[in-house]
Amino acid sequence: MQCYDCDMMNSTANSHMVIRFSFIALITCIVLAFLGCGIGVLAEKVQVQISTSTDPENPGEALPFKVIGTLMDQDGNAMGNKKVSLEQLKSDDPEGEYKFLAVTTTDIDGGFSFFRPAASPPEYLRVRYNGNSQFEGSVSEIIAGHISREPDIKTGTDLSVAKSSTKVIAKASPSNPSPGQAVSINGQLLGANGAPLPGKKVICEASDRVGNRSDFMILGISTTNEKGYFKFTASGGSTTTFIQVRFPGDDEYDESVSDLIMVL
């Protein structure tokens, strides 16, 4: 009987050890699985790079041009179907203020293109990708648009007179018209010192989208009054329209264009 009892006790102890070992193994697997998930969540995002250039390479001060480029990951793989935006800066300082101009989607090869009309002002441009849960955000190098890249060469006495800068201020009324409702475009043409410029021709132009047309369509031409004010009337449409007012410049004053007015 004593040997039988010993065997029973040893068998029970072994069973408890097996159960305890299985429980410990189960807990270990759960912990490892949890750590594995944690490592996946904390994985570093993939770095991204954006290449940009203008087409033509040097648009000078008056040619329409495109900002073209490619979005790629750190291994050089094309990133298609990603949203990228075009930004305008007043200088080539990457920390300077910038303004959003347009957004587009990269093609299957990661390529993108933004159109800038001949009427666009001297500007510096760059392209931004905001990133997502997998990819880091990135911005391209700053490129010049409608800014002459030719070095200034001074030979002898310069008899030319520098033109004065101008500014066009324009807004739509109402800003959110009903489909088919007429819209008034009102504004003022100002000189460098903020003085109104009377008797100057200004042009109202429109486009049905930004970045994809070869140029804006002329809606009308007007002459500023004695206080530099102008007014246009545009027929309402069924789609979003982008409108701008351009002063083409003359012998005394530089060309300028208003900010885009989006009429829904």
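Colleague: Where is N193 found?

Modeller: N193 is in the loop between β10 (183-191) and β11 (201-207); strands here are DSSP E runs of at least two residues, numbered from the N terminus. This is a predicted model, so local features need pLDDT of at least 70, side-chain atom pairs count only at pLDDT 80 or more, and totals for chains, interfaces and linings use all residues. Residues are numbered from 1 along each chain as its sequence is written, and side-chain values use heavy atoms, leaving out hydrogens and water.

Colleague: Is N193 buried or exposed?

Modeller: N193 is exposed, at 68% relative accessibility (exposed is over 50% relative accessible area, buried under 20%, partly exposed in between, with a 1.4 Å probe and protein chains only).

Colleague: And what does the side chain of N193 reach?

Modeller: The backbone nitrogen of A195, at 3.1 Å.

Colleague: Switching topic, which peptide bond is cis at P56?

Modeller: The one from D55 to P56, with omega near 5 degrees. P56 sits in the loop between β1 and β2. Another cis bond joins S173 and P174, with omega about -5 degrees. Most peptide bonds are trans.

Colleague: What about phi of H146?

Modeller: Phi is near 55 degrees for H146, a positive value in a residue other than glycine. H146 lies in the loop between β8 (143-145) and β9, and H146 is buried at 2% relative accessibility.

Colleague: How about N81, buried or exposed?

Modeller: N81 is exposed, with a relative accessible area of 64%. N81 also has a positive phi, about 60 degrees, and is not a glycine.

Notes
Helices (H or I, at least four residues) and strands (E, at least two) are DSSP runs, numbered from the N terminus. A polar contact is a pair of N or O atoms within 3.5 Å; within protein, one must be able to donate a hydrogen and the other to accept it, and residues adjacent in sequence count only if both atoms are side-chain atoms.
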